[in-house]
Structures are given as structure tokens and as C-alpha cells.
Amino acid sequence: MKYVIGVDIGTQSSKALLVDANGRIVAQHSCSYQINTPKPLWAEQWPQVWFDAVRTCIASCVRQAAAQAGFGAQDVTALCVSSLYGGSGIPVDADMQPLHPCLIWMDRRAGEEVAWIRQHLDVERLQALSGNGVDSYYGYTKMLWLKHQRPEIWARTRYFLPPNSYVNYLLTGELAVDHSSAGNIGGVYDIAGRCWCAETLQMLRIPQQMMPPRLLQASETVGGLLDEWAQEFGLAPGTAVIAGGVDAAVATLAAGAVKAGNHVAMIGTSMCWGYLNQQCDASHGLISMPHVFNGLQDNYIFGGAITAGASVSWFREQFCQAEIAEAALQQADPHQLLEMRAAAIAAGCDGAMFLPYLMGERSPVWDAAASGAFVGLSLYHTRAHMYRAVLEGVSFALKHNMDAGAKGARFLDEKLVVVGGASRSDLWMQIIADVTGYAVYTIEENVEAALGAALLAAFGAGLIGRTEVERGWVTLIPRAHPRVEQQQCYVDRFEIYRALYPALKPVMHALQAG
């Protein structure tokens with residue numbers, strides 16, 4: 001039997017899976033870590049944290065598998081790494097040594113750079129070439145922040161590397177960037193030409209030499225595993241390392257999105273909803289990049305909330321100490337207690353509403369100075385009301401993005417696939433169905449991007465063909481269907497939700513300025 005390893009570097013943890021050529025999971029391991037937030041709206045990570053986690057996860061998977069009959073480490077044909085969107089990428093010097101923490105997707109410090117671009121450059125031309133807009137979410141604005149605020153770092157920077165590209169370099173000694181990661185940087189990539197965009201790089205005054213010249217499809221081979229890591233992992237030297245891609249697109253592939261109109265919501269720390277289409281239009285306010293499968297033709301077009309599961313975690317940790325203590329006594333999960341109590345609250349939370357803009361907001365709002373808010377509270381409301389309002393608020397943010405995406409999509413499938421930690425919540429899946437009007441399906445295997453990376457590894461290594469990729473390795477299970485009465489309630493509430501941000505925007509900005 002032949003095997004592959006899929007790895008996903010996430011924002012707060014990394015996970016690896018060792019699977020056979022039929023997609024059966026033989027072993028898995030995960031490692032957690034923290035985001036560094038030295039100032040408000042800053043979010044950064046040193047890449048060594050990611051690489052240490054990847055090493056631990058791969059080695060653990062091989063050890064687990066080695067204890068099982070019939071497994072031979074020499075039969076691991078390939079491994080593939082997907083990763084969080086690395087924003088600026090990792091600035092490395094001529095010796096490939098990191099010079100500064102990576103300014104990740106969540107970081108919104110580049111507000112002055114965004115203002116400069118809007119004031120001095122042809123934004124319409126930049127959007128037309130890149131398929132993406134102008135916001136501090138995008139990596140190219142964060143690169144400019146480093147240029148302006150850390151000139152000593154900029155002067156020594158040879159390349160900017162996405163997280164998976166950096167890890168792949170350490171594993172193989174070969175430098176390459178996959179097209180999804182390149183496209184997700186935004187303004188420096190030509191979405192039609194599938195190459196770095198010389199015109200926009202010149203506009204932005206970013207040297208093209210800082211962009212690694214070798215661009216690969218997600219299923220192409222970067223190089224062979226170096227001897228030192230092969231020995232550490234217990235794998236054969238030269239094991240193929242496949243390029244991989246941005247985790248949201250890879251998770252979408254794992255969930256079965258291989259054709260136009262397929263759409264998936266990945267709800268973990270953040271929320272990404274995306275669909276496949278061969279055209280893109282930045283005016284709709286969404287993000288575009290080449291997909292990780294059929295990437296020369298298909299684009300993965302997505303948008304999402306910066307804080308989704310992070311909003312839930314924040315609310316639990318800051319306001320639910322009683323439930324946490326009660327759950328500890330019962331040896332239960334506090335989320336289960338909160339969900340049980342929130343399920344008894346009617347749709348609409350008796351007038352309470354939550355805006356999930358706890359780190360500014362991405363699409364389609366695109367406002368780094370947006371902030372979170374509870375609105376409509378009274379003495380009647382309880383923590384259960386507020387917890388449900390958080391779930392509803394993130395679900396409204398999902399619908400906001402889906403409505404924007406529908407402007408550019410020829411059609412969307414009748415079923416919405418949801419992956420990520422949120423999929424464990426029956427209540428949240430029902431709320432999403434009621435809010436969006438789509439039947440909600442989840443993946444029985446609950447492994448998402450890491451399994452998508454393994455699928456790319458198997459395809460890239462030639463263990464499976466296109467038909468097997470399209471068929472996929474996961475089992476979709478129905479979780480929730482829209483209910484007429486609740487759906488009508490949410491139609492009305494969504495209009496209020498959409499009106500809240502424009503109404504509160506001046507107050508949000510004044511508070512941020514103060």
C-alpha cells in the first residue's frame with residue numbers, strides 16, 4: 001500500500017494526517033500555538049513556530065503508523081503542506097533567514113499604506129489586473145508597511161515567502177510559490193496571466209526580485225525531502241514534497257469543490273466562504289486566487305469574517321466563567337452548556353444583535369476600523385441571548401458574503417458545505433441554514449484542509465487521477481435544512497444587520513481615532 005502525508009499550518013494550530021491511497025486515515029497529530037498581538041489590530045507569527053509544529057506532527061504520524069501492521073515508511077510517496085494566508089509573507093534575507101515575524105492575514109496595521117495607494121495609484125487598474133481590492137488585509141499592503149516602517153528590514157529582504165513556501169524550502173532546499181498563495185497576496189499577481197504582475201509591482205514600488213520566480217500549481221512537486229528531515233521523520237530521502245496552497249482553498253477541495261458553482265464555508269478562527277468560477281470581479285468586494293485544483297482555469301473566489309470562531313471563544317472566555325466552572329464540575333464542554341441554553345432562545349434573540357468585527361472586518365465591508373458591537377440589549381437579556389447573538393452575527397456575516405458572491409457567480413449549488421470547528425455545533429448549523437436559506441452539509445471525517453493537502457499529495461505523486469480527486473475522499477452528511485418561520489425572521493433581521501454597520505461606522509471610527 002502507498003501512503004501520503006497532508007499537513008495544514010493553521011493560525012492557532014497545525015495538523016498532519018497520514019493516509020493511504022484510498023483516503024483512509026492511518027494516523028494524525030496536531031500541535032497548538034499562539035498568535036502574537038503586540039498592539040491593537042496587529043497579528044504576527046515567527047515562522048519557526050510553524051516549522052517546529054510541522055516537524056512534530058509529521059514525525060508523530062509516522063511513529064503512529066509504524067506501529068500498525070503492513071505499514072512501511074518507504075511506502076510514503078509524498079507529503080504536501082497547506083497553510084494559513086500569510087499576509088505579507090515571511091521576509092527572508094539572502095541566506096533565507098527570517099528577518100521579521102510574518103504579518104498574517106488577521107493583521108490590519110497597514111492603514112496608511114492603503115490610504116497612500118488609494119490617493120496615488122490607479123486603483124481600478126490594480127483591481128482589474130489582480131482581481132483583488134485594496135485593504136490592509138492584503139499582503140502587498142503589509143509589505144509596504146514593512147518598507148515604510150521597518151526600512152532596515154526592507155533593505156535586507158531578498159524574498160517574501162508564504163508560510164507553506166517557507167516550510168517547503170526548509171524541507172527540500174528548493175524555492176517555489178504556489179499560485180493560490182501568490183494570488184492571495186493581492187495586487188502583485190496577475191490573475192489572468194497567472195504570473196507576478198510587473199505593471200502593478202512597478203506601481204507599488206515593490207521590486208519584482210522580491211517575488212520568488214518559480215510559480216507552481218498546487219499539485220506540482222517542489223523537490224525531494226532532504227536527508228536530515230527524512231532521518232528525523234523516518235521517511236525515505238527524496239520523498240516528494242508537493243507545493244500545496246492556501247488553507248481555505250485546500251479545505252474547499254477536501255469538501256468536494258471541484259466545479260463551478262460548488263461553494264464551501266470554512267468556519268474556524270475566521271470564516272471564509274468561497275465558490276469556484278472562471279471569472280472574477282473585484283468590484284463585488286471578494287478575494288480571488290487560482291484554485292488548488294484545475295488552477296489554470298478555475299478561480300477560488302471568497303470572502304469572510306476575520307473573527308468567527310474567535311468571536312465565540314472571546315465571548316466564552318470573557319463572560320462565561322460560570323458556565324466554564326459548571327462544565328468543569330460536570331466534566332463537560334462549556335460550549336455544550338452554552339449551546340443548550342442558547343437553543344432555548346428564539347431566533348432573533350428577542351431583539352439582541354451582534355456585529356462580529358472584533359479585528360476590523362474583511363469582505364464585503366473592508367474596514368480595518370470597524371469594531372464589534374452588541375445592539376438591542378435590555379435587562380431582559382441573558383448570557384444565553386448574547387451567546388446565540390454571536391452565532392447569529394457570524395451567520396449574518398456569512399450571508400453578507402454569499403450575497404456579494406452571488407453577483408458574480410453564474411449559479412451556486414443548492415447545498416452549502418460547512419467545514420471547520422463550527423461544524424461540531426448542531427445549533428450553529430441550523431442557524432446558518434435558516435439565515436442563508438441553503439441546506440447545510442458537513443464532512444463526516446472532520447479533517448478539512450489537512451485531508452485536502454493529502455489529496456493533493458496523492459494526485460501530485462500520481463497515486464490517483466483526476467476522476468478520483470473529483471470523487472473525493474470525504475462523506476458529506478446533511479445537517480440542517482431551512483425552516484420557513486425562522487427563515488422569515490432572519491430575512492427581516494438581516495436587513496437590520498446590514499443597516500447597523502453604516503449607521504455605526506462614524507462612531508466606530510471616532511472610537512478608534514480616540
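## Aromatic rings

A search of the whole structure, which is a predicted model, finds 25 aromatic pairs. Here, rings of Phe, Tyr and Trp (its six-membered ring) pair if their centres lie within 6.5 Å, and planes under 30 degrees apart count as stacked, over 60 as edge-to-face and the rest as tilted. Helices (H or I, at least four residues) and strands (E, at least two) are DSSP runs, numbered from the N terminus. Both F396 and Y490 are buried, where buried means under 20% relative accessible area, exposed over 50%, and partly exposed in between (1.4 Å probe, protein chains only).

There is also an aromatic cluster to look for, formed by W314, F315, F319, F354, F374 and Y387. Two rings have a charged side chain over the face: R158 lies over Y159, at 4.2 Å from the ring centre, and K399 lies over F494, at 5.2 Å from the ring centre. For a charge to sit over a ring, NZ of Lys or CZ of Arg must be within 6 Å of the ring centre and within 35 degrees of the ring normal.

## How to read the model

Residues are numbered from 1 along each chain as its sequence is written. In this predicted model, local features need pLDDT of at least 70, side-chain atom pairs count only at pLDDT 80 or more, and totals for chains, interfaces and linings use all residues, while side-chain values use heavy atoms, with hydrogens and water left out.

## Cysteines

How many disulfides are there? The count comes to 0, a disulfide being a pair of cysteine sulfur atoms within 2.5 Å. Take C57 as an example: its closest cysteine sulfur, in C31, is 3.8 Å away, which is too far for a bond. C57 counts as buried because its relative accessibility is 0%.

C489 gives another example, as its sulfur is 8.8 Å from the closest cysteine sulfur, in C349, again too far for a bond. With 21% relative accessibility, C489 counts as partly exposed.

On a 1 Å grid over the protein atoms alone, a cavity is a set of points where a 1.4 Å probe fits but cannot get out, and a pocket is an open set with protein on both sides within 12 Å along at least five of seven lines; lining residues have an atom within 4 Å of a point. Grid points are joined across faces, edges and corners, and a volume is the space filled by probe spheres set on the points. The lining of the largest cavity has 13 residues, with Y85, G86, P162, P163 and S181 nearest its centre. By class, this lining has 6 nonpolar, 7 polar and no charged residues; Ala, Val, Leu, Ile, Met, Phe, Trp, Tyr, Cys and Pro count as nonpolar, Asp, Glu, Lys and Arg as charged, and the others, Gly among them, as polar.

The second largest pocket has about 210 Å³ of space. Its 15 lining residues include P40, L41, L358, G360 and Q512, which lie nearest its centre. In this pocket the lining has 9 nonpolar, 5 polar and 1 charged residues.

## Backbone details

The peptide bond from S363 to P364 is cis, with omega near -15°, and P364 lies in the loop between β19 (353-355) and β20 (373-375). Positive phi values turn up at M96, at about 65° although M96 is not a glycine, and at C349, near 55°. M96 is found in the loop between β6 (90-92) and β7 (102-103), and counts as buried at 9% relative accessibility. C349 is in the loop between α13 (334-343) and β19.

Helix α4 (residues 139-149) has 8 of its 11 residues buried, so it is largely enclosed by the rest of the structure. The buried residues of α4 are G139, Y140, T141, K142, M143, L144, W145 and L146.

In helix α12 (residues 321-330) you can find E323, which is buried, with a relative accessible area of 5%. E323 and P334 are 11 residues apart in sequence, and 5.7 Å apart in space, C-alpha to C-alpha.
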